[in-house]
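Visitor: I would like to learn how to read helix packing, chain contacts and domains. Please take me through them in turn.

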Number of protein chains: 2
Amino acid sequence: MTEVTRILAKWVVDSKFENIPANVRKSGVASFLNWMGCAVGGSRHETLDRAIAALKPFSGPEQAGILGRKERFDVMHAALLNGISSHVFDFDDTHLKTIIHPAGPVASAILPMAEWMPVTGAQLLHAFILGVEVECRIGNSVYPQHYDIGWHITGTAGVFGAAAAAGKLLGLDEQQMVWALGLAGTQSSGFREMFGTMTKSFHPGRAAQNGVASALLARQNYTSSNRVLEAPRGFAHVMSTKRDFNEIIGKLGEVWETALNSYKPFACGIVIHPAIDGCIQLRNEHRLQAEDIAKIDLRVDPLVLELTGKKTPQTGLEGKFSVYHSCEAAIIYGAAGEKEYADGVVRDRRVIALRDKVDAVSEEAINEDEVYVAVTLNDGRVLKKHVQHAIGSVANPMTEDKLIDKFNGLVRDVLPAKQGDELRELCWKLESLKDAGELARKAVAV
Amino acid sequence: MTEVTRILAKWVVDSKFENIPANVRKSGVASFLNWMGCAVGGSRHETLDRAIAALKPFSGPEQAGILGRKERFDVMHAALLNGISSHVFDFDDTHLKTIIHPAGPVASAILPMAEWMPVTGAQLLHAFILGVEVECRIGNSVYPQHYDIGWHITGTAGVFGAAAAAGKLLGLDEQQMVWALGLAGTQSSGFREMFGTMTKSFHPGRAAQNGVASALLARQNYTSSNRVLEAPRGFAHVMSTKRDFNEIIGKLGEVWETALNSYKPFACGIVIHPAIDGCIQLRNEHRLQAEDIAKIDLRVDPLVLELTGKKTPQTGLEGKFSVYHSCEAAIIYGAAGEKEYADGVVRDRRVIALRDKVDAVSEEAINEDEVYVAVTLNDGRVLKKHVQHAIGSVANPMTEDKLIDKFNGLVRDVLPAKQGDELRELCWKLESLKDAGELARKAVAV
């Protein structure tokens with residue numbers, strides 16, 4: 001049987017930064033920047049407050065900062081907490097082939113390490129890219145069946161990426177990297193059932209933390225299986241009904257999943273983005289007012305209702321999984337950023353009144369990045385919009401300017417303007433930083 | 001739909017110690033004693049050395065001792081490390097209906113807490129029994145299909161038990177207990193693929209640690225799903241093809257799984273125990289010498305070859321999953337304790353020579369606690385033994401004396417004799433201890 005795990009581990013161990021193509025490095029930097037914005041932006045969410053209150057009494061030495069905050073924790077807790085805040089807004093990056101949010105588990109794992117051991121910007125970027133490749137390739141091998149069963153793939157695949165990236169920084173040899181992936185895989189977990197609760201963002205955080213622990217244990221020759229991915233009782237067989245190992249080891253170093261990463265313009269489940277895009281376009285083109293609207297009809301991809309069909313969300317987190325709330329917010333506010341998913345907005349009477357006028361039906365023929373929107377006005381007119389490729393999709397990506405706008409918008413309320421600007425510039429310069437820990441120090445509250 | 005998770009959570013929260021039947025308490029004390037012996041006995045294994053070397057730099061305040069050792073860690077790391085050492089010999093307790101080793105995840109979670117907050121012996125025993133009930137009932141609901149898929153059920157079900165027990169000590173309310181189970185469930189993990197490596201014993205340790213974390217987070221109202229067990233994308237649907245929720249919530253407080261716990265006489269996978277029992281009996285009855293034996297033929301339950309069919313184990317850990325090594329050791333040494341699974345023994349030439357003479361075939365009609373052994377001597381004689389119920393099985397349980405012998409044998413090489421005796425007496429007196437932390441303090445190296 002092909003030694004899938006060993007081939008992947010050897011590839012990670014042998015990889016040299018100079019062999020990473022320029023477009024992949026560029027995508028890596030953009031992904032890292034987007035992650036940083038999300039993590040800083042999400043850092044004051046009460047999800048973080050509660051996690052910190054629970055875990056602070058057990059933290060080790062203050063080795064690493066929590067992005068956007070003043071507290072310091074040991075490396076592994078910092079990985080967990082940064083991973084939570086990077087995902088709590090559901091605003092992070094997306095590998096559209098698998099709906100993995102790749103940066104969360106990987107960047108959260110390795111940035112704290114850069115405060116604890118010498119890591120250059122190039123080393124950090126290299127490890128980050130390798131980690132993203134590992135998790136997305138493993139995701140590809142089992143998607144969509146693995147996801148359909150109910151696994152939150154960002155957590156389940158992410159832990160492998162975190163272990164690979166952390167292991168690369170630690171300089172593991174091939175056997176140790178195999179064991180690190182084994183330890184990571186046996187901790188692979190996270191149910192989609194948790195969506196809409198604080199435990200969703202716990203998943204990439206825990207994946208990051210568990211990935212670091214796996215690499216640290218493997219460095220001490222803590223033994224594990226040699227074939228966690230391919231064994232009959234390993235990851236791909238136990239946690240999926242489909243597996244294609246060629247997705248993991250085929251064209252390694254030639255085809256790069258990292259280059260396919262995309263960035264969300266809206267702070268919610270990505271399957272709703274086409275509908276939001278269409279509603280905002282209609283709103284702006286026709287200066288729509290909520291009071292004038294009789295109803296809003298959507299024709300959407302089936303996944304929209306499966307994932308985001310919450311009719312009456314009660315909290316902001318639930319609102320992110322409601323196509324109804326998202327579209328009504330898009331009409332009223334012309335946006336679907338984090339503010340439009342505040343608890344108070346979701347519970348606002350005017351918002352609820354319009355939300356109840358939104359109806360959605362699914363059609364097999366409609367693609368994931370596509371939507372048909374029809375707004376019927378009280379005067380009987382019907383305004384229509386067909387979005388073929390939503391903004392943020394592979395076919396219609398976020399421009400660099402929009403990515404900067406998004407970063408600034410996220411960081412603005414957390415860090416002083418000058419510090420936010422400096423942090424953004426450090427992220428762009430990632431590859432040339434002598435000390436990657438500088439990024440973490442620049443991203444904490446002073 | 002029945003609120004399985006909430007009913008279970010409410011039962012744990014409402015449970016009063018005075019309503020636990022005497023036989024269940026007694027079984028709880030025996031299980032705790034057996035766990036303590038295994039954890040102290042396993043504490044010097046290199047698995048622990050490596051885990052400690054890897055994790056010590058990240059430990060929080062020295063809140064809790066590591067049984068059998070001098071190091072102190074924060075509560076959560078102590079839960080992990082004690083869980084590892086309690087399982088590293090594969091000598092711990094077994095809930096035979098599910099092959100769960102119940103004490104590991106639960107006791108390892110709560111004993112460190114008793115060094116960090118006031119916990120009486122009765123509170124500890126109460127939480128322990130509830131945790132064991134929770135994990136074994138959840139195990140019952142999905143066994144055997146869940147195990148057959150490849151999940152190491154001690155880890156996957158154990159994390160629920162650890163969370164329930166830790167949550168009971170923390171005084172969680174019903175909603176918090178629901179969330180604690182949700183957080184635990186979304187971390188449920190561990191592949192059987194890891195058997196024979198250091199990662200096997202990592203599973204109950206991580207389950208203990210994750211259970212404590214789940215309870216601590218829930219206490220801060222870190223939200224999670226309200227129905228992790230029964231939801232379509234929750235534990236029982238995602239991680240099993242079979243589920244029977246009545247096993248979880250039927251006759252709560254009337255039927256006690258804790259009372260069914262059993263204790264291993266031999267330091268290896270429980271399915272080999274009948275074969276070892278039979279070989280030891282034949283050896284002692286006929287004063288067998290390895291040199292006189294031409295071959296050893298076993299007829300065993302099919303699970304024996306599936307789980308312990310390693311023909312040529314290279315390490316002690318692998319030897320625990322070799323029916324061949326175990327039977328040859330039983331003949332040569334008349335025992336199958338931890339010493340017979342030392343690396344040096346497994347690699348000994350004389351041992352290997354006899355091992356290669358052991359053959360095993362499986363028969364559907366043979367039960368899990370049954371075996372037929374036939375030893376053919378060089379002179380042509382054939383000596384036979386049929387074991388109907390192996391020692392340590394429900395039908396042929398370990399006596400209290402044998403349990404004490406086992407404890408003494410495990411602790412002897414780690415703690416001074418007097419300290420070992422005092423520790424054993426403290427365990428027997430568990431229910432009346434004013435400060436359960438005394439147990440942990442008595443169990444560490446001085």
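Guide: Start with axes: they are lines fitted to C-alpha atoms, for helices over the stretch in contact, and angles run from 0 to 180 degrees between N-to-C directions. Helices (H or I, at least four residues) and strands (E, at least two) are DSSP runs, numbered from the N terminus. This is a predicted model, where local features need pLDDT of at least 70, side-chain atom pairs count only at pLDDT 80 or more, and totals for chains, interfaces and linings use all residues. Residues are numbered from 1 along each chain as its sequence is written, and chains are lettered from A and ligands numbered from 1 in the order in which they are written.

Visitor: At what angle do the axes of H4(A) and H5(A) cross?

Guide: Roughly 145°, with the axes of H4 (residues 75-87) and H5 (residues 103-113) of chain A coming within 8 Å.

Visitor: What classes of residue make the contact of H4(A) with H5(A)?

Guide: Ala, Val, Leu, Ile, Met, Phe, Trp, Tyr, Cys and Pro count as nonpolar, Asp, Glu, Lys and Arg as charged, and the others, Gly among them, as polar. Here there are nine nonpolar, six polar and no charged residues.

Visitor: How many residues does each chain give to the contact of chains A and B?

Guide: Two residues are in contact if their C-beta atoms, placed from the backbone, lie within 7 Å. Chain B gives 45 residues and chain A gives 45. The chain B side has 19 nonpolar, 19 polar and seven charged residues.

Visitor: Which domains does chain A have?

Guide: Domain bounds come from an automatic or database domain assignment. For chain A, this gives domain 1 (4-263 + 400-442) and domain 2 (270-387). Their centres, taken over C-alpha atoms, are 31 Å apart. In chain A, 10 residues of domain 1 contact eight of domain 2.
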